[in-house]
Amino acid sequence: MKKKFILSVRVGALWLALSVWLSVPWIQETAQVLPPVYVWAVVVGIAFLPGYLMSAMFFSNLLHRKVRQYPQTCEDTTVVLCAHNEEGSIAGTIQALFSQNYAGRICILAVDNASTDGTKHQIQALARLAPANRPVRYLYCEKLGKANALNMGLAQVCTRHFLTVDADTWLEKNAVQRIMNHITAQRKGCVAGNLFVQNPTRSLMARLQNYDYLLSIAAVKRFQGSYGSTLVAQGAFSAYNTCAVRQAGGWRQVMGEDIVLTYRLLELGYASGYEPAAVGYTKVPETLGGLYRQRRRWAMGMLEGLREVPPWRQRGYARYFTSVNLSILYLDLAYLFGFVPGVILALFGYCYLVGLLTLFTALVGALFFWTVYRYQKRLGIPFKNTVFGFVLFLLFFQLVQSTASLNGYLCHIMGKKGEWK
């Protein structure tokens, strides 16, 4: 593991050195027109640093391209399923748990977090139809807040490991088996599942997000998970060591409760993994406003995690990856105030900040995405392809992501509170 990590970082450093060598004449020429400090800050933020991070991740993922197999387990487990006004989707989520190809008992703790719709009726109706080895228990949490619901469920867990699944996430039929194989064999604090988009053709925004989950999020988690340092065991679908979570104090009532918990587990010395073969189909926002609010919450959650456990308090590889997370703030600023103005200038014939080297970088990025896509296809788990969605993802996703993230950073700094949804 150590040799592969060092080799990947060296490949990233080599790419960085090559990029600097090729770019210096261009930077010097542009610095005669624009302020030199601004030019260097932009080029570092939109080319040098992203190039280093992407090439190191790309090479590491190539070194870890084989999907690992773990011994089969049939250990009893628990699923903590939190819901707030989810009458339209929770039935599908529970039925997917009923249909799991898993020999062990799966106890489903359905926590109704102060719903005002028919969520309770849906849960209780399915509880009466539950198979003997898939019992459903209804719990009511009157105190609104996802962390409150999760902690209520945690208090009722009696198994060595448990899963969290969102009420709008449907698990592929082998998902529980594969994620349980991983966490029982590796004895990690938590293991994140692989999320595909459940509703990829419902809107333009859903099409766009299909490739964010399929390519970007999956690639980052593979990179981090290869070194036991996945930074987000997402609440939508992850497995946990029960004792470890209780030792960490459960979930905090913050915007990024899953991020903060993962950081705390890493700080305590537990490894955090990623299981690409354990797939859940999650429902994503179908409007621009919904996507914007979600990514703003995620940005706030990242800062909450960094504030709760700063990089210097982490250990080993987790220290490196959390330090990289600090740079994301800078990358978002460079994109919004460097790359976007550079594209606008280029459209008018002024290729000061965006030019042929940018196009070359984009082609390398496309190669990287192709390798991630091929890896996901090899899993043999179906997902929908939309060429238009991929084009939307390439052209517009980062603009939405960076804008929403910047808003989230400002909200966090100003002490503003967000909502669960």
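Select Glu75 and Arg160 in this predicted model: their side chains meet in a salt bridge at 2.6 Å, N to O (a side-chain nitrogen of Lys or Arg within 4 Å of a carboxyl oxygen of Asp or Glu). The pair joins distant parts of the chain, 85 residues apart, with Glu75 in the loop between α2 (36-63) and β1 (77-83) and Arg160 in the loop between α5 (146-156) and β4 (161-166). Glu75 is buried at 18% relative accessible area, while Arg160 is partly exposed at 48% (buried is under 20%, exposed over 50%, partly exposed in between, with a 1.4 Å probe and protein chains only).

Residues are numbered from 1 along each chain as its sequence is written. Local features need pLDDT of at least 70 and side-chain atom pairs count only at pLDDT 80 or more, whereas totals for chains, interfaces and linings use all residues; side-chain values use heavy atoms, leaving out hydrogens and water.

Next, select Arg252 and Glu308, whose closest N and O atoms lie 3.0 Å apart in a salt bridge. Arg252 sits in the loop between α8 (242-247) and α9 (257-267), and Glu308 in helix α10. The structure holds eight salt bridges.

Finally, select Tyr213, Ile217, Ala218 and Lys221, which are among the residues lining the largest cavity (a set of points on a 1 Å grid over the protein atoms alone where a 1.4 Å probe fits but cannot get out; lining residues have an atom within 4 Å of a point). Helix α7 gives the most to this lining, with four residues.

Conventions
1 Å grid on protein atoms, 1.4 Å probe; cavity = no way out; pocket = protein on both sides within 12 Å on 5 of 7 lines; lining within 4 Å. Helix = DSSP H or I, 4+ residues; strand = E, 2+ residues; numbered from the N terminus.
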